[in-house]
Amino acid sequence: MDSLSATEIDQMDRVGNRTVAEIRKDFPIYRRAQDSAFVFLDSGASSQKPTAVLDAMDTYYSTTHANVHRGVYAIAERATELYENARVTLGRFIGAPKPAREIVFTKNATEAINLAAYSLARNLLRSESVVVLTEMEHHANLVPWMILKEQIGFEIRYIPFDADGFLDLSHLDEILDGSSIVAATMASNVFGTLTPIKELAEAAHSKGAIFLADGAQYVPHYKIDVKELGIDLLAMTGHKMLGPTGIGALWGREELLKKMPPFMGGGDMIEDVRLDGFTPNEVPYKFEAGTPPIAEAIGLAEAVRYLEAIGMDEIRLHEESLLDYALKTIGENFGDSVVVYGPTDATKKGGVVSFTMEGVHPHDLSQILDQSGVCVRAGHHCAKPVMKRLGVGATARASFYIYNDKSDVDSLVEALAKAQAFFA
Amino acid sequence: MSGLEDLYREIILDHYKNPRNQGELPTPPAVVEQGHNPLCGDEVFVYIEMDGDTIADIKIGGQGCSISRSSASMMSTAVKGKNSEEVHELIHRFKAMMSVEEERPGHEGEADLKEFGELAALQGVVKFPVRIKCATLAWNTLNQALERVQQAG
Ligand SMILES: Cc1ncc(COP(=O)(O)O)c(C=O)c1O
């Protein structure tokens, strides 16, 4: 590309008021990888972790670890306080009106969706019910409903997507007719395309349905306000947003959560247990059975603070500039021999580029890129129905985050050229 | 790109670009079995047509990476015309070659690899553990197809 302006380059090498070079210093993995090339372009699968997150967890374990909600002694109370503060931090981050009561910690987004699905199903779903999903869901928002369908026998309908990976809403009214639950991803993990969540939530509500949003690919990259979006439930996962693995959350409107029955049973989720039955605890505790991932919740809260300090709008701007550059450079260098799936307009999608190279299987591609230190995802991205629609078994996917810069895109393009030459 | 040459031997790339015995066979009389690699979405169809106890014809369908396609292609040429006992023996030895060092039975030495012919080219795959499943996919599927033949017979 010949016409990059200084501002454009700057946007790729800077996030808000910090340079990517500075940001990388916060991520120990970049220090370890110093002697060999390390071009990490797979944050869509899982992000790297800043020292602040690791330190928060470490400090917790080495100074105040004890079980939460139980002990009546100082460190147990401190542990409880940190854990509950983490809930509030995450809740505020997504604009939850009542963060202390509306965030349910889970293991990941998958568990959050399963929790919502199983709990809602008990009161809402009968054999004549309808659940609406989209054709571009991750398996995490497909399979739980399929399992429940096997048990209950309801109908699952799908909102289709078009050739660019946008949802096709032309028959939305018919599809939603008679539905009790509508569940959709906020951003496609294959195309990066964003779904019109506000519109979908409104349409669902007009039919009396509950709306669940899968925010796994959205929350790490965009500012979000659940109240403004008008959604009822939101699934999130910590490891894609600089947090540790083993922690995610389900946000739900308090009135809705109160009506939903518990999913898992055990300690902490009860108010009373007798031999003839139990009384569930109040929200959100009634959904958190057993000892929770305390250190992970604390780590996630630190990740949220880190993201907030950088600024979500700045993160989006940065990713958009990388995406724009990547789409243009790949197009210019490879023409028709590399097919990019999804829109080529960077303003219309998240920082994800899914592509295939003619004559080189994605699996081989990613193996060869690895020789240049370039890490991309190759596979079906847990979205086999999407792959089927595209008529491919797999794609390669590069995804961007705050620690990526222009040189990463250049390394990707160089490595792609090597791969093409290797298989020519 | 050293290291890669171990994985992508010339012969492997040749079978990938010019796959042998590609296509379908009418079922029946042929038997077809489908195999999936859940990791990467690769799928393979193995069609075999028996003449008595011998694989009279074999065709490979589906799609996948260079390792899985070339392994399937080489397998098809290696097993055609062999009887089920010979094929089982070959499957066993191939999978032994594909298993990590500690699990490999001691007697699978250099001499055996020589008799392997082209298939020996795939031995470099062992150094890339995530790719082992790619190499063994067609072989496991062939095994299932043979089981199906046995059940039917
Ligand atoms: C859109 C989407 N939903 C859900 C998930 C599941 O996230 P987790 O594996 O953390 O539960 C992912 C992760 O890949 C995703 O991309």
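The open sheet in chain A has seven strands in the order β4-β10-β9-β8-β7-β5-β6, and its pairing is mixed. Two strands count as paired if DSSP finds at least two bridges between them, while strands (E, at least two residues) and helices (H or I, at least four) are DSSP runs numbered from the N terminus. Because β4 (103-106) and β6 (155-159) of chain A stand at the edges with a single partner strand each, one side of each has no neighbour in the sheet. On average, neighbouring strands of this sheet are turned by 20° against each other, direction ignored.

The model is predicted: local features need pLDDT of at least 70, side-chain atom pairs count only at pLDDT 80 or more, and totals for chains, interfaces and linings use all residues. Residues are numbered from 1 along each chain as its sequence is written, chains are lettered from A and ligands numbered from 1 in the order in which they are written, and side-chain values use heavy atoms, leaving out hydrogens and water.

Strands of a sheet pair through backbone hydrogen bonds, either parallel or antiparallel. In chain A, β8 (residues 210-214) and β9 (residues 233-237) run parallel and are joined by three bridges. A:Leu212 has A:Leu233 in β9(A) as its bridge partner. Helix α7 (residues 109-124) of chain A packs on the sheet, where it touches β4, β7 (179-185), β8, β9 and β10 (248-252), and its direction makes about 155° with that of β9(A). Helix α8 (residues 143-152) of chain A lies across β5 (130-134), β6, β7 and β8, at about 150° to β6(A). Contact here means heavy atoms within 4.5 Å; axes are lines fitted to C-alpha atoms, for helices over the stretch in contact, and angles between N-to-C directions run from 0 to 180 degrees.

The ligand is surrounded by 13 residues, and the closest are A:Thr110, A:Asp214, A:Thr237, A:His239 and A:Lys240. A residue counts as near if one of its heavy atoms lies within 4 Å. The table lists polar contacts of the ligand, which are pairs of N or O atoms within 3.5 Å.

| Side chain | Ligand atom | Distance |
|---|---|---|
| A:Asp214 | nitrogen | 2.5 Å |
| A:Gln217 | oxygen | 2.7 Å |
| A:Lys240 | oxygen | 2.6 Å |

Of the 400 Å² of accessible area that the ligand has on its own, the protein covers 88%. Such areas come from the Shrake-Rupley method with a 1.4 Å probe; for residues, only the protein chains shown count as cover.

A:Gln48 sits in the loop between β3 (39-40) and α4 (51-64). With a relative accessible area of 13%, A:Gln48 is buried; buried means under 20%, exposed over 50% and partly exposed in between (1.4 Å probe, protein chains only). Not counting residues up to four places away in sequence, A:Gln48 touches A:Phe27, A:Ile29, A:Phe38, A:Phe40, A:Leu242 and A:Tyr403. A:Leu390 belongs to helix α16 (residues 384-390) and, at 22% relative accessibility, is partly exposed. Beyond its neighbours within four places in sequence, A:Leu390 contacts A:Val190, A:Phe191 and A:Tyr341.

Chain B has six helices and three strands, which run α-α-β-β-β-α-α-α-α from the N terminus on. Of its 153 residues, 48% are buried. Chain B exposes about 7200 Å², with 49% supplied by carbon and sulfur atoms.

Terms used:
Polar contact = N/O pair within 3.5 Å; in protein donor to acceptor, adjacent residues only side chain to side chain.
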